[in-house]
Amino acid sequence: MEVLSHVMNGFAASLEPVNLLYCFIGVLLGTLVGVLPGIGPSGTISILLPLTFGISPVTSIIFLAGIYYGAMYGGSTTSILVNIPGEAASVVTCLDGYRMAKQGRAGPALGISAFGSFIAGTISIVFLMFLSYPLATFALSFGPPEYCSLIILGITFITYLAQKSMIKALIAAGFGFLLSFVGMDGMTGRARFTLGIPDLLDGVGILPLVMGLFGVGEVFKNLASLQGVSVLKTKIKNLLPTKQDWKDSSKPIARGSLIGFIIGIIPGGSAPLASFASYALEKRFSKHPEKFGHGAIEGVAGPESANNSAFTGGLVTLFSLGIPPTVVSALLFAALMIHGIQPGPLLIPEHPDIFWGLVASMYIGNIMLLFINIPLIGLWVRMLKVPARVMLPLILMFCIIGTYSVRNSLVDVSLMMFFGVVGYLMEKFEYEPAPLVLAFVLGPLLENSLKQSLKISRGDFSIFFARPLSITLLAIAAFLILSQLIFSKKKNKIRLEKE
Amino acid sequence: MKAKKRVFRFIFMTLLLGMIFILGTGSVAGVFAQEYPTRPIDMIISMAPGAAADIGARLIAKAAEPFLGKEIVPINKVGGGGAIAAGLVAKAKPDGYTILSTVTATLTNVPHMESLTYSLDDFIPVFEHGYLTPVFIVKADSPYKTMKDVVEAARKKPGTINFGVPGAGTSPDIAGRMIADQEKVDMAIVPLGGSAPSITALLGGHVAVAGVSTPAAIPQIKAGKVRALATIGAKRADGLADTPTLVEQGYPNIKLDELYIIVVPKGTPRAIVDKLENALRKGWAAEGEYKKTAKATYMYPTNPLSGAKLAEWLKEQSTINGEIIKKAKLGK
């Protein structure tokens with residue numbers, strides 16, 4: 001009952017006109033930076049941080065958090081419309097979302113990702129409110145060995161991303177791993193494969209990679225096959241998801257919300273993993289996995305929901321342990337510190353108004369986002385009618401500005417153009433970029449957690465099998481691989497018999 | 001028709017937004033200086049937007065502006081432990097219009113680890129606007145009260161004591177290696193990728209000791225979740241007055257403060273350096289957002305180093321850290 005009275009107080013605080021106003025400005029700004037590829041929520045928040053000096057702590061945290069979860073809504077827009085993922089987590093949305101747009105179903109794709117984000121956002125806030133403390137203890141049980149096993153499990157998802165040839169998917173993944181080794185070795189600080197370019201000391205950036213492979217690659221592909229005047233070759237069908245779409249999406253949204261939240265709690269930059277995991281899960285349980293990659297709405301609904309609830313999951317460690325797991329959450333803490341409030345494990349007991357005010361404002365912010373995003377769909381979809389001669393240069397321009405804006409580096413822009421060519425060639429020879437991206441994201445996580453674990457165990461590999469959580473994760477990974485092998489053998493047999 | 005118009009208006013707006021982005025990040029070439037400064041000054045920040053060093057740099061710039069009469073424009077050039085920003089400024093025209101804000105490790109540690117185009121000698125130090133003394137912490141229920149307790153435990157049961165540190169070549173990493181080296185015991189120093197993951201690993205019992213930044217540790221200490229074992233600076237840290245330094249605990253060589261500093265390229269005229277230092281010092285002393293924020297995050301230097309004193313300090317740190325890095329075979 002105590003929780004309920006806190007919730008009521010939180011709503012009372014967040015419904016104050018000034019807080020409502022800042023919440024609205026925050027989510028609107030967030031939607032904007034989410035839609036524009038490149039400079040993300042963390043850049044925006046740090047630039048706007050000085051603006052919050054003059055307002056109360058509750059208002060400023062409501063405002064800044066709004067920018068972040070607002071960006072989550074906007075992030076899928078460019079993935080679906082023009083195949084530009086604004087971040088690693090949106091790569092999955094490109095797979096089926098962009099196909100849907102090409103089939104004239106951009107509206108339902110955008111709609112289901114907005115509704116999915118809304119539902120996942122709301123469900124995960126409930127989890128956050130009632131389960132924060134026990135879940136935080138779960139998060140702590142993840143040390144380097146557990147994390148390493150989790151990443152190994154994540155790597156098995158590569159096989160679910162393969163749509164055409166499994167061998168080609170694995171080759172692409174291998175290339176992704178190779179790329180991820182560029183930069184300073186996390187354990188010794190030694191530079192590897194940097195070609196003497198200082199910009200590569202931190203490795204290849206994720207944005208130049210994904211925007212090159214997907215966005216720029218798509219532009220090149222369109223240039224090569226330019227016939228008509230419009231990028232879109234079919235008629236636009238309905239604007240909102242149909243009854244059938246809802247039927248197909250309801251379970252993926254529910255599953256995505258849950259898995260996203262769980263992965264979000266685990267500390268250590270696993271947010272992109274949430275959307276990949278949800279995609280793999282949906283494909284595994286789907287009755288028609290062959291539709292994935294050809295515009296299956298489940299492939300948009302699940303990952304988009306997972307993406308959003310992973311953000312809320314990240315707040316568990318932030319508030320119950322007082323440890324900011326991501327750059328954005330560290331910025332939220334910085335905002336509180338400037339107001340003389342000590343963020344940490346005592347934040348909720350000492351300042352319940354801030355935590356509950358934020359939670360309540362997230363409900364309200366999610367509703368606002370729904371009302372901002374649904375009317376925008378019509379506008380976005382109409383953008384697809386823009387002639388290719390205008391659209392393609394615009395896409396290229398946005399990719400260049402977006403990549404440059406992240407850290408003002410021309411090397412990054414050159415890299416993006418290089419990966420644009422790579423993306424085009426991969427498309428030409430039927431290699432898929434998604435396994436490459438997943439391997440690229442997981443590579444450093446795997447390498448670092450493996451080396452950390454072995455350093456802790458003084459080189460003894462039994463550390464991965466002696467710990468219950470770690471061995472469980474490894475067992476699931478082994479099961480997934482084996483079940484795939486058996487499954488694909490059966491399928492081959494049927495195919496052979498048919499022939 | 002109306003729809004078409006709207007589409008074009010949308011394109012126009014996005015183009016406009018794009019232009020603003022370009023203009024906002026670029027810099028405008030200026031005219032010759034009669035009395036410095038006659039135009040805005042570019043401040044290259046080596047850390048990511050939102051990092052503690054970045055926030056501090058932006059605020060001291062704002063605080064110093066009134067005393068310079070011109071704007072200081074912050075530009076982030078992130079990467080390589082600050083190496084990208086430092087390499088850029090080392091090559092910049094030494095006219096006082098390109099200045100660098102970074103953490104001292106960029107100049108004292110990174111050049112020993114990577115093959116770079118710059119060294120400490122390529123810069124004239126101007127002003128210290130923040131300092132950070134990392135601290136070693138243990139879980140609240142840990143049996144260790146001092147660093148010597150940890151060393152004894154490592155000696156009794158080799159292979160059991162692990163230190164979590166933010167990264168290879170950071171001051172907690174170097175301090176941990178110095179302790180293990182001096183005591184000749186087996187302690188694994190594990191780079192975990194930041195203060196937050198190090199605290200998480202400590203609370204989860206995956207490492208026995210964590211070396212983290214003071215602002216990250218203090219809330220956990222106040223909540224009674226962790227205990228401070230030792231700070232690794234020359235003097236006791238702000239906000240942790242009861243915690244003895246490693247120097248006090250029998251490690252006289254370990255004095256590894258990290259400073260946030262502003263430097264200019266070698267060859268910048270003396271008068272310009274003095275003017276900058278003067279403005280920064282006045283900004284440091286002024287009441288305002290910089291002072292308030294720096295104090296709240298335990299970064300406010302009570303007696304900031306500048307000019308020749310700062311240069312001397314940097315030289316000394318570079319020598320000490322260079323030896324350790326070579327010995328530990330970090331980098332190169």
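Val7(A) is buried, with a relative accessible area of 11% (buried means under 20%, with a 1.4 Å probe and protein chains only). The structure is a predicted model, in which local features need pLDDT of at least 70, side-chain atom pairs count only at pLDDT 80 or more, and totals for chains, interfaces and linings use all residues. Residues are numbered from 1 along each chain as its sequence is written, chains are lettered from A and ligands numbered from 1 in the order in which they are written, and side-chain values use heavy atoms, without hydrogens and water.

Helix α1 of chain A (residues 2-14) contains Val7(A); helices are DSSP runs of H or I with at least four residues, numbered from the N terminus. Beyond its neighbours within four places in sequence, Val7(A) is in contact with Met129(A) and Trp356(A) (heavy atoms within 4.5 Å).

The structure holds 7 cavities of 30 Å³ or more. A cavity is a set of points on a 1 Å grid over the protein atoms alone where a 1.4 Å probe fits but cannot get out, and lining residues have an atom within 4 Å of a point. Volume is the space filled by probe spheres set on the points, which are joined across faces, edges and corners.

The largest cavity has a volume of about 90 Å³. Of its 14 lining residues, the closest to the centre are Thr108(B), Asn109(B), Asp257(B), Glu258(B) and Asn321(B). The largest share of the lining, 3 residues, comes from α12(B).

The second largest cavity holds about 70 Å³ of space. Among its lining residues are Tyr73(A), Leu110(A) and Trp380(A).

How values were computed:
Helices (H or I, at least four residues) and strands (E, at least two) are DSSP runs, numbered from the N terminus. Buried means under 20% relative accessible area, exposed over 50%, partly exposed in between (1.4 Å probe, protein chains only). On a 1 Å grid over the protein atoms alone, a cavity is a set of points where a 1.4 Å probe fits but cannot get out, and a pocket is an open set with protein on both sides within 12 Å along at least five of seven lines; lining residues have an atom within 4 Å of a point.
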